[in-house]
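User: I'd like to learn how to read strand pairing and helix packing in a model. Could you walk me through it?

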Amino acid sequence: MFVKVCGLSTPESVLEAAGAGADAVGFVLTKSPREVTPARARELLVHVPAGTPAVGVFRHEPVADAVAVARETGLEWIQLHGDRTPEDVKAAHDAGMKVIRAVTMGASPEAFGSWGEELLLIDAAVPGSGEAWDYGSVQAKGLGGRNWLLAGGLDPVNVAMAAKEAGAWGVDVSSGVESSRGVKDLAKIRAFVLAAKSSTAKA
């Protein structure tokens, strides 16, 4: 099970995620309670183990702007939320970036097709609520054999079951490992990664 821990903002949280065995970490570089500046993300990047993808998360920014910030930060991966097109993914690739493309369960059927991104992230129909949802409904999207991440409302208690219900290849967490909004709980980070890694849900 591939595990990404997102919204990290302190060296301690980065080190905890890495030490627990997270496969990727994410830094929010767009307006959010978890937002960090490019300078702060550069400082955090020092603590990411070599070979572990560090992802810059963007919402509605044009791809060119996201790429510019990612380069300033020293990141090679970007995560694109919002209304995107296949041309956006191509533009990011042409700029040398690897891409996680985020979609919600309420997106059009075409959005669940492969646009060439390295990973597809599937979030709740109303993202950001931090609430659990019908994870099994992802099965209807026909994603078997593809590399994709389940997100939205996951925490150390429900991640193994949610991943199994969805047939997920990997999982992504942010609010589910926080003690308060935007503040990561180190014990929850470790518990989440260990619980996810114990799952055999990979499709």
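**Strands and helices, step by step**

Analyst: Strand β7 (residues 148-150) pairs with β8 in the parallel sense, over two bridges. Two strands count as paired if DSSP finds at least two bridges between them, and strands (E, at least two residues) and helices (H or I, at least four) are DSSP runs numbered from the N terminus. Before we go on: this is a predicted model, where local features need pLDDT of at least 70, side-chain atom pairs count only at pLDDT 80 or more, and totals for chains, interfaces and linings use all residues. Residues are numbered from 1 along each chain as its sequence is written, and side-chain values use heavy atoms, with hydrogens and water left out.

User: Are the faces of β8 covered or open?

Analyst: Both are covered: Gly-170 and Asp-172 on one side, Val-171 and Val-173 on the other, are all buried (under 20% relative accessible area, 1.4 Å probe, protein chains only).

User: And how do I read two packed helices?

Analyst: You describe them by the angle between their axes and the distance between the axes. Here, the axes of α2 (residues 38-45) and α3 (residues 63-73) come within 8 Å and cross at roughly 45°. Pro-38, Ala-41, Arg-42 and Leu-45 of α2 meet Val-69, Glu-72 and Thr-73 of α3, with contact meaning heavy atoms within 4.5 Å.

Conventions:
Axes are lines fitted to C-alpha atoms, for helices over the stretch in contact, and angles run from 0 to 180 degrees between N-to-C directions. Buried means under 20% relative accessible area, exposed over 50%, partly exposed in between (1.4 Å probe, protein chains only).
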